[in-house]
Amino acid sequence: MSGQSLAGKLAGVALLIAAWELVSRQVHGIAVASPLETLAALWRFANQPAFLLGDLWTSVWRVVLGFVVGALCGGGLGMIAGFVPFVRSALTPARWMLGSVPGVVVVMLGMLWFGMGSAMVVAIVALMVAPAIFVAVVEGLGSVDAGLLEMARAYRLTPRMRFVNIYCPAMAAPFVSAGIVALGGSMRVAVLAEALGANQGIGHALAVARTNLQTPELYALALLSMALVGIAEMVLLRVARRAFPGGRP
């Protein structure tokens, strides 16, 4: 990252904080907490083992498990659809339906199907992640150069060698890009599901803070949710980028 790029990002963060502070001084404290109040609330959460080992850890493992299940299902079906046109056509309506349904509708249906608790949150995250990964894998397979495939046939490469050396690099970039988008969406839908239908997690803590009119805690939990997505992207998805030649940033 260049010095100019870093300076621009720091300036953007400073402007956001300044605007936040200005708005908090003009609006009633119940509506907008100041940056210092939010940081103080965040510090209180950080010093609560019950929150860290309860709500925070619960949300993290729910999102991770749901993301993995959704990525495996979407990726597996995407690879089948990428090689079999009939399967791709047959799965298109389901993919379109899942990709276009608003998150709150999926949450409501998930509560009916899976009840209240972790299974519901994990299933909802998986349902939101799978379509994005499915589309990315299908598009990646469809972008493989016909010339490379002809060369592979000429050199009699085994199916495994074709998959590893031709298809995997083609899928890597769209897979990682879709994963980044899906990760942010999965965190949002998980928090929403926890707020409406769970008794533990960041979303549940948000619902409790809203009920008790604890505005600094609300803002602190929102900030924590965004931080979790950022950390996951930098630590986990950047590793995935480097694992595939086509996915390098």
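Analyst: Thr38 touches Trp20, Ala33, Pro216, Tyr219, Ala220 and Leu223, leaving aside residues up to four places away in sequence. Contact here means heavy atoms within 4.5 Å. Thr38 sits in helix H2, which covers residues 35–46. Helices are DSSP runs of H or I with at least four residues, strands are runs of E with at least two, and both are numbered from the N terminus. Thr38 has 0% relative accessibility and counts as buried. Buried means under 20% relative accessible area, exposed means over 50%, and partly exposed lies in between, using a 1.4 Å probe and protein chains only.

A word on the source. This is a predicted model, where local features need pLDDT of at least 70, side-chain atom pairs count only at pLDDT 80 or more, and totals for chains, interfaces and linings use all residues. Residues are numbered from 1 along each chain as its sequence is written, and side-chain values use heavy atoms, with hydrogens and water left out.

Next comes Glu217. Glu217 belongs to helix H10. Its relative accessibility is 14%, and Glu217 counts as buried. Beyond residues up to four places away in sequence, Glu217 touches Ala41, Arg44, Phe45 and Ala209.

Phe45 leads on to the aromatic rings. The whole structure holds 3 aromatic pairs. Rings of Phe, Tyr and Trp (its six-membered ring) pair if their centres lie within 6.5 Å; planes under 30 degrees apart are stacked, over 60 edge-to-face, and the rest tilted. Phe45 and Phe51 form one of these pairs: their ring centres are 4.6 Å apart and their planes meet at 40°, so the pair is tilted. Phe45 is buried at 11% relative accessibility. Phe51 is buried too, with a relative accessible area of 4%.

Phe83 and Tyr167 form another pair, with centres 4.9 Å apart and planes at 80°, so this one is edge-to-face. Phe83 lies in helix H3 (residues 49–83) and Tyr167 in helix H8, so the pair ties together parts that are 84 residues apart in sequence. Phe83 is partly exposed at 44% relative accessible area, whereas Tyr167 is buried at 15%.

Now the helix packing. Two packed helices are described by the angle between their axes and the distance between the axes. Axes are lines fitted to C-alpha atoms, for helices over the stretch in contact, and angles between N-to-C directions run from 0 to 180 degrees.

Start with H3 and H9. Their axes come within 7 Å and cross at roughly 115°. Ala, Val, Leu, Ile, Met, Phe, Trp, Tyr, Cys and Pro count as nonpolar, Asp, Glu, Lys and Arg as charged, and the others, Gly among them, as polar.

H9 also packs on H8. Helix H8 (residues 159–197) and helix H9 (residues 202–211) have axes 6 Å apart at an angle of about 55°. That makes H8 oblique to H9. Angles under 35 degrees are roughly parallel, over 145 roughly antiparallel, 65 to 115 roughly perpendicular, and the rest oblique. Val191, Glu194 and Ala195 in H8 meet Ile202, Gly203, His204, Leu206 and Ala207 in H9. The contact has 5 nonpolar, 2 polar and 1 charged residues.

H8 has another neighbour in H7. Helix H7 (residues 146–154) packs on H8 at about 160°, with the axes 11 Å apart. That makes H7 roughly antiparallel to H8. Leu148, Leu149, Ala152 and Arg153 in H7 meet Arg162, Ile166 and Tyr167 in H8. By class, that gives 5 nonpolar, no polar and 2 charged residues.

Most residues other than glycine have a negative phi. Leu213 is not a glycine, yet its phi is positive, about 55°. Leu213 has 58% relative accessibility and counts as exposed. Its C-alpha atom is 40 Å from that of Leu72, which is 141 residues away along the chain.
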